[in-house]
Structure formats: structure tokens, C-alpha cells
Amino acid sequence: MKSSVFCFRPTSPERVGFESLEEVKSSRTPRSPYIKEKCRNLMAWIGKGGHKHYGSSDFSYDPMSYALNFEDESSRADEFPSLNFSSRLPATPDRSPDIKHLGETPITDAVFPSSKPESRNCTVTDSTAPNSLVFSKQTLTESAVKSRLAFKGIASGMAELDGSSAADTLLLELHQILNSCSKSISGGDLSHSQTSVSELVSFLDSVSDAAISEPENGDAKANAFKILSEIYQILCSPSLDHEIMDALSFELPKSASKFAGISPQCLEIADNVVHQFIRKCSPRDMLSILCEALDSPNKTVKAAAYLSPLISGLSNVFLSIQRRHFEQIKVAVPVVVKVVKVISSEPDSQDTELETLFDRVVVNALSIQTVCTNMETGENGKLQALLGLYVLQILALISVSANHLPFALRLASLLPYCGISCLGLITGSSIDTLSSFVIGEDEEDCSRFSSHVYLGASLSVILAQKYDEFARAAKLDLSALKTELQNNQTKKWQAIGMLKHIFSSVDLPWEFKRDAVDFLLYITSGDISNELDDEHNDCSLYMTSIFSALQAVTMIIIYTSDAALRKNAFEALKRVLGDIPDSQRFDILKALIKNSDSSSMVAILLDLVRGEMHRESTLRMSVCKDKALEADSKSRQNTLFWSTGILELVESVMRPVAGGPPILPDNSDAVLSALNLYRYVLMTESAGKTNYTGVRSKNNLQKAYNEWLLPLRILVSSIEAANKNDNDQLAVDTVCALNPVELVLYRCLELVEENLKHPV
């Protein structure tokens, strides 16, 4: 019996059953005006930057890379005058919270029609197909024109639907909307087609939202499962018209993915729905559609679950691409990385959903490896480099999970496949090599791929140190690496600069920072820096990265609750400072002090400066005993710690940028350390009858007395007087904090008054 349904062609006997991918491609019909209009609209959407969604500012991608990416378009020259990506992409219109519009025609009717369920009926015709369910237009409205609608492959239980249950009502409503979509799309009615598709999307969203918003409602979950299953069975029908399939592909993958967070069963069906579109539609179209869907997660759905079917779909698309693999995958990779980054950093993301998402991302990387393997040798270099950058970013993202090891082990073998070495990871040289293949001189692409790549590279080494199985899978030799870093100062500085990404990460667990500090202690355990002079030990090129790493270490010291980690971090800080040449060490310390908001950390750093001055003073005294080196010592004194920069450091604490005395008792630690440093410098210069720092000059003595010390004495006295008679704990703590400050302050005043009698 020949039967037709709203979205099916007449089914011939030889077409019963699923079509192969080749049959689908060979039988694809030219696109209708509706499809072409949708393509133009999506390009317009991308050109305008898209509508704003949750995190959509992070999820952009460049569609212009698609110009020559896919199959030969010469056969479609007449149909598509402009053969480029822009003519093939659909528009994603603005959305209201509840109803989505695909065109200019708004949906003003309710999702469910006003016709009563009792007026609907359905009958089964058992002529040639025992499982065929035959609907007539009368089943939807009694006044409709009679025409039979057959659904090949749909469960025969639909024959008993009478609208008496909620599930039956939803299924009947679904078929009514699909019938409207079929008629409008097949008839070329663009405006009505957009409205019908929008109504279908709104209907599916209402079903999925109901189940997600009420997770304890078993009926809502069951209804969602039935509706999604019905959609999947319709898509699986071999007689499904490709024109209808293409039209639905713009929105249905997104709507189906919203069901993924309802239950594991819905997730599986959502995966299958997306796979059906990939199987029957052009990979070129599906790549852009899936990227746009990833770019627009809905706040009302579980984001991690929503992304999973879409990312799995991209894996299948990668494997379906026939040419220009690098250009196409290069567009999709940043989209995946950015959305996973946002979702993984959300505090309310459930571990199970995150692990499902991470599994899909790992499979995504493995599918790229499969594509590389299938390409001819010599043509897959760029794609291998892209895969390497992708793997490093994924490693950084999955490390936020407590169960990161299984995913990391699956990715480890990809590192040597991409030509990444252990030394190249910790120094960043492998990243530079891969980036030169993938990015070239494109600054925009550089900003896309740099995020999390360096973090993933440094984490790879820490993972190899932490897990022997990871080191074996990634073929990373840690012993040789540590020996190389201990004996090569330049490589060591590069490694320190790479570790800053771990130290400064706010998402990583503390265990990774603890392991990174241990690694830093190991590679700085030698004492080779003192064997090299400043001329051959210049770290100017690495000053910025070293400063960032040390600044991140100070943050670990401040915020960690682990006493052992705090102690090790402070030891690592001193060792790294000890490896920096004297001429540049002061600049690093000065920058750390001026950029710290912690009074206690400023005090610690000022004490380190005082220790360096004491060491340098002792060294100078021993050098000056040799008359031949005395002149050289004097020529170098202005570039070392005993310089006018010391007074600038003291002033930065005693007179902050805002002017006036420091805030007490909040900054009492920093003030006390600054006073001790000033007292030490003044006493040492007076005893040695020197003035390297200019501290004994009349102008500097008067400035310190009038602008630093006297205002501070007034402030301390007033605070003590205000709290003298208070017995509460806060007043007692305030007075106790100011007592040592007052003691050192009066000693500094005496020293200044004494030196003013005999200024230099």
C-alpha cells in the first residue's frame, strides 16, 4: 500500500529499511527556497555577532574559514550563485524566555491547540504494513480534509491514542505540529514554515523544561522520553524527505539535546537524534549547526548534559568530512574548548554530568586522531599540531575534576603522537612549534588557542610526576628532565615561567599547586647560579614570566591553609630569587612589594630585601680588603641593593600612593618592617661612614623626619589614646599591634635627629 505522511515521500518496496549514507547523499534533492533562506539568515546572524546567550561572548567562531572547505560545489553553480559558507547558514533569531521565533512571524497561539482531545481519533490500516499507523486529517480536527498519513516504523501502540492521557495528548500534538511543518515546507511557504518549526521547537522545549524543572515528577520524565523517542523513530524512517530533514536540522539537534539532562535514557536518544541528522545531512551544514548550538546554551537546561550530544555529534562530523579536514576542525575546536571551560568552572555543575561531558570531549580528541591517521603522510602535519594544542587544553579542563586521572590517561598517548616532548612541555617550546603550524601570524587565532594551552602543558609534567602510569603513557622521562633543568639556567627560568599557570589558576585543586611547588623545589635544589656572573646569567627576557610566577607563589603563601605547603612555597620563593642575578633581583623584589595588597607579605618581602642588603654588605667588606678590586666594587654599588631605590621602597609603605600616613593597625606589619629596614640602613651607613643609599643626606633626613616619622608618631599616639580606656578585645589587639611599631618608630626618630647634626 502506498502511503504518504507529512514528511515522507511515497515508499517503494526497494527502499524499505534504513538507507546507507551513500544512498542518502546520492538521493539528496536540491534545497527548497526555505532552506536557502535559512542558510542566508544564519550567515547574517553570525555576521552580526549573534544574539546574546549564556557565556556567548566566549563561544564565537569564524565562519569565513569555510569558503573552500567541503565537497566540490561546481555541480551546484546554477543553484548557488555565491558558492561560499555564507549562503548555506541559517539564522538563529531572538528568543523570548518561553517561545522562540525562527522568522518574523511570531507565535501567538498556545503550544497546544484549542481543539479538544476528544475530537481526535486515529485508526490503523493493516493492509500491507502491519506496523503502519494511519492518520487522517480528521484525527486532528473533525472538519479537516481527509487524507491518509502513514508512519512507517512507528510503534503500533499509537493506534490506541485517543487523547485520554497526558502522554497521548502530547503525542497527538506532536504529530499535528509535524504535519503543519511538512505541508508548509513542502509547499514552499517560507513564512508559515518558520512559524511551524518555531512551534515545534517551543513544544519540545516545553516538554523538556517540564521534566527538568520538576526532577521528581515521574510523569513529566515519562512524557519527555516518549516524545523524544517518537521524534527519533520518525527521523529513522527511510522514507523521510530530505528537504524536511534539512529544514529540521537547524533547530532539532539543539532541542533534542535539552532532553539529555532528564535521564540517561533521554541522553542516549538525544545522541541518536543528533547522529541521524549527521547521517542524513551534509557534514558541512551540520558542523556549522552544531557549533551554533554549542554557542547558545539555555539557562533553563542542565548545561553539561546539553553539550554532551552536540560534542559527540561533532566527533561524528569530523569522521564524515572528506576534504579540508584541518580548516574545518580548526573552527570547531575553540568552540568546544570555550564552552567546556565555562561549564566546568560553574560551581553548581554535577560531577556525573561533568564526567560525561569530559568523556565526550576525550572521544572528540580521539576522533581527530583517527582523521589524522587516515590522512596521507605529509598532509596531516597541521592537523596533528592542532590536535596537540587541543589535547593540552582538554588536560587543563579535566584537571578541575576529582576523577581526572582516567581521562588524563586516555589523552596521554596523544602527546607523543603529536610530537610533544617532556622538555618542550615544561619550557613551552613544543607549544611554540605547534602554534607556528596552526596559527602562523594570525593574532586572532593566537588569542583563541593560547587559553589553557600553557596550563595544560605544565600540568602534563606535574601529572607525570604524580602518576607513573601517565608518564609511561605519555613517554615523559622526568629524571632526564630534572637533570636538564638543574644544569641549564635558561631552561630553568623558562620552566619557572610555565609553572606560573598552575600557581595562578583559581580552578585547580590545591593538590596540583602542592605538586608544582615540590617540582620547583627540586629543580632549584642546585647552586649553579653563583658560578655564573651577571654578564652570562642575564634573565631579562624572562623577567615578566618569573615575576608572574613569584607573585603567584606569594598568593599561595597568603591563602593556603596547609602549613607545610606555605613553608615549601616560601622556600621556593627564596630559591628562585637566589637564582636571579643581583642586578635584577632588586627589581623583582621591588615589583612584588609594590604589587602586593597584603601587609604581612609586604613585611616578609621587605625582610628579604634587608637580608639581601646584609649579604651584599658583608661581600663588599671582603672585596674591599683587596685594593685591586676596590674600584670595581665602587663602580657596581649603584646597581645593587645599596642604592637610592631602598628609600623609595620605604616611602611606598610610609606614604602610600593616596598620601598621608599608612592605615593602622591594618598595615602594622608592613610599617614595622619598613621602619626596621630604614633603621638598619641608617645605622649601617653611619657606622661605615658611607652614603650609598643617600639616607644620610640632609634633604633625605629632613624628608624622613617631617613626612614619614612625625606624622606616624601622631597617628600612633592618637590611636593608643583612643583605645587606652577600652577593655574590649579589639582595643587590646590594636594596642598590642602598635606597641612594636611605636618602639621602632622612636628609635628611628632618635637616629635621624642624631644624623641631622652631622649630615653628609
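Which residues in H30 meet which residues in H32? Point 4 takes this up, after some notes on the model as a whole.

1. This is a predicted model, in which local features need pLDDT of at least 70 and side-chain atom pairs count only at pLDDT 80 or more, while totals for chains, interfaces and linings use all residues. Residues are numbered from 1 along each chain as its sequence is written, and side-chain values use heavy atoms, with hydrogens and water left out.

2. The chain has 32 helices and two strands, where helices (H or I, at least four residues) and strands (E, at least two) are DSSP runs numbered from the N terminus. Of its 760 residues, 54% are buried, a word that here means under 20% relative accessible area, with exposed meaning over 50% and partly exposed in between (1.4 Å probe, protein chains only). The chain exposes about 33000 Å², of which carbon and sulfur atoms supply 51%; accessible areas come from the Shrake-Rupley method with a 1.4 Å probe. Among contacts with a separation of 6 or more, 76% join residues 24 or more positions apart, contact meaning heavy atoms within 4.5 Å.

3. The axes of helix H12 (residues 351-374) and helix H13 (residues 381-398) come within 10 Å and cross at roughly 165°, which makes H12 roughly antiparallel to H13. Axes are lines fitted to C-alpha atoms, for helices over the stretch in contact, and angles run from 0 to 180 degrees between N-to-C directions; those under 35 degrees count as roughly parallel, over 145 as roughly antiparallel, 65 to 115 as roughly perpendicular and the rest as oblique. The residues of this contact divide into 13 nonpolar, three polar and no charged, with Ala, Val, Leu, Ile, Met, Phe, Trp, Tyr, Cys and Pro counted as nonpolar, Asp, Glu, Lys and Arg as charged, and the others, Gly among them, as polar. Ser-367, also in helix H12, counts as buried at 5% relative accessibility and touches Ser-315, Phe-318 and Leu-319, not counting residues up to four places away in sequence.

4. To return to the opening question, Ser-668, Val-671, Leu-672, Leu-675, Asn-676, Tyr-678, Arg-679, Leu-682, Met-683 and Ser-686 in H30 meet Ala-737, Pro-740, Val-741, Val-744, Leu-745, Arg-747, Cys-748, Leu-751, Val-752 and Asn-755 in H32. The residues of this contact of H30 with H32 comprise 14 nonpolar, four polar and two charged. The axes of H30 and helix H32 (residues 729-756) come within 9 Å and cross at roughly 25°, and the two helices are therefore roughly parallel to each other.

5. Ala-674 is found in helix H30 (residues 668-688) and is buried, with a relative accessible area of 0%. Leaving aside residues up to four places away in sequence, Ala-674 touches Leu-606, Val-650, Val-653 and Met-654. The buried residues of H29 include Val-650, Val-653 and Met-654; seven of the 10 residues of helix H29 (residues 645-654) are buried, so this helix is largely enclosed by the rest of the structure.

6. Asp-507 lies in the loop between helix H22 (489-503) and helix H23 (510-523), where it is partly exposed, with a relative accessible area of 40%.
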